[in-house]
Amino acid sequence: MRFDIISLFPEFVAQCAAFGVVGRAGERGVLSVHGWNPRDYAEGNYRRVDDRPFGGGPGMVMMIEPLRACLADVRAADPSPARVVYMSPQGAPLTQAKVRELAAHPRLVLLCGRYEGVDERFLQAEVDEEISIGDYVLSGGELAAAVVLDAVARLQEGALNDAESAVQDSFEDGLLDCPHYTRPVEHALGNVPPVLLSGNHAEIAKWRRQQSLGRTWLRRPDLLDESALSKADRRLLEG
Ligand code: SAM
């Protein structure tokens, strides 16, 4: 999968993609990340990419032309169809379902705003969707783009050593993940639940499901669609 990051600080997002699972995925050729700076497409000695907002008020707005010229080059750099996403606090909330949807595209262009944001005409003409990483305002879209990049990249085939682990993560089946334990079995902070040492796979799966249900009910009841729970799930939740 190919990622193109349009940002005044493209190296920042590229750096975020250099570590851990995403970094390894890059080394394995599972994904590639390309940074593009609209300033390289700005004209004049000062290479201005922003200007004052019409109507007055504080802050600056990213101008259409440097972004348009930049995006034209981004599109031309690869023949695969690009989905253009503007990172924006006004966008649709990023969820695991949305991450899966984005992961199915061969190519994502992530546009990072700065200042008060981007001239609305550019957004209307060139952007396929806007995505928010939460109900708060960042000073720029780079961190948000890094979040999308990380979440999408780890779902690419070959990115994780064990693809099964992504399927078992929180939100994948609508629930939070169960708790995890590793060595030592006994510790001053507590012991590993005996069922996990039993070797009984059916009982372990049942325990994990029960933990997931219980945690979701306690921590994120908004995620629990009780009507979608099986009879067995209901029994686990009540038990
Ligand atoms: N004036 C804008 C508003 O209130 O909707 C906020 C602009 S913000 C200071 C600058 C840039 O940060 C935005 O253009 C966007 O790219 C990015 N950004 C800020 N908060 C974000 C969020 N929650 N999710 C995604 N991107 C965000």
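Predicted model: local features only at pLDDT ≥ 70, side-chain atom pairs only at ≥ 80, totals over all residues.

Visitor: Where does Cys-178 lie?
Guide: In the loop between H7 and H8.

Visitor: What does Cys-178 touch, not counting residues up to four places away in sequence?
Guide: Arg-208, Gln-211 and Ser-212.

Visitor: And how far is Cys-178 from Arg-215?
Guide: In sequence, 37 residues. In space, 7.5 Å from C-alpha to C-alpha.

Visitor: What else is in that loop?
Guide: Pro-184 is found there, between helix H7 (163-167) and helix H8 (201-219). A cis peptide bond joins Arg-183 and Pro-184, with omega at about 5 degrees. Most peptide bonds are trans. Phe-171 lies in the loop between H7 and H8 too.

Visitor: What is the phi of Phe-171?
Guide: Near 80 degrees. That is a positive value in a residue other than glycine. Most residues other than glycine have a negative phi.

Visitor: Which other residue has a positive phi without being glycine?
Guide: Arg-47, with phi near 45 degrees. Arg-47 lies in the loop between S2 and strand S3 (50-51). Arg-47 is partly exposed, with 13 other C-beta atoms within 10 Å.

Visitor: Switching topic. What is the strand order in the sheet?
Guide: S2-S1-S6-S5-S7. The sheet is open, has five strands, and its pairing is parallel.

Visitor: Which strands stand at the edges?
Guide: Strand S2 (32-36) and strand S7 (129-132). Each has a single partner strand, so one side of each is left without a neighbour in the sheet.

Visitor: How much are neighbouring strands turned against each other?
Guide: By 35 degrees on average, direction ignored.

Visitor: How many bridges join S1 to S6?
Guide: Five. Strand S1 covers residues 2-6 and strand S6 covers residues 107-112. Ile-6 stands opposite Leu-111 in S6. Arg-2 has Arg-107 of S6 as its bridge partner.

Visitor: What about S1 and S2?
Guide: They pair in the parallel sense over five bridges. Ile-5 has Gly-35 in S2 as its bridge partner.

Visitor: And S5 with S6?
Guide: Five bridges join S5 to S6, and the two run parallel. Met-87 has Cys-112 in S6 as its bridge partner.

Visitor: How covered is S6?
Guide: Mostly covered: six of its six residues are buried. In a regular strand the side chains alternate between the two faces of the sheet. Both faces of S6 are covered. On one side, Arg-107, Val-109 and Leu-111 are buried. On the other, Leu-108, Leu-110 and Cys-112 are buried.

Visitor: And S1?
Guide: S1 is mostly covered as well, with four of its five residues buried.

Visitor: Back to the core. Which residues touch the most other members of the largest nonpolar core?
Guide: Ile-5, Met-87, Leu-110, Ala-145 and Leu-149, out of 42 residues.

Visitor: Which helix gives the most to this core?
Guide: Helix H6 (residues 142-153), with seven residues.

Visitor: Pick Ala-145. What is Ala-145 in contact with?
Guide: Leaving aside neighbours within four places in sequence, Ala-145 is in contact with Ile-5, Ser-7, Val-13, Met-87, Leu-110 and Cys-112.

Visitor: Last topic, the ligand. How many residues are around the ligand?
Guide: There are 19. Met-87, Pro-89, Gly-113, Gly-141 and Ala-144 come nearest.

Visitor: Which strand gives the most to the shell around the ligand?
Guide: Strand S5 (residues 83-93), with four residues.

Visitor: How do the residues of that shell divide into nonpolar, polar and charged?
Guide: Eight are nonpolar, nine polar and two charged.

Visitor: Met-87 keeps turning up. Where have we met it?
Guide: Met-87 is among the core residues that touch the most other members. Met-87 is also one of the residues that come nearest the ligand.

Notes: Residues numbered from 1 in each chain as written. Core = buried A, V, L, I, M, F, W, Y, C linked by C-beta atoms within 7 Å. Buried ≥ 20, exposed ≤ 12 C-beta atoms within 10 Å, placed from the backbone. Contact = placed C-beta atoms within 7 Å. Pairing = 2+ DSSP bridges. Axes fitted to C-alpha atoms, helices over the stretch in contact; angles between N-to-C directions. Near = placed C-beta within 6 Å. Nonpolar A, V, L, I, M, F, W, Y, C, P; charged D, E, K, R; others polar.
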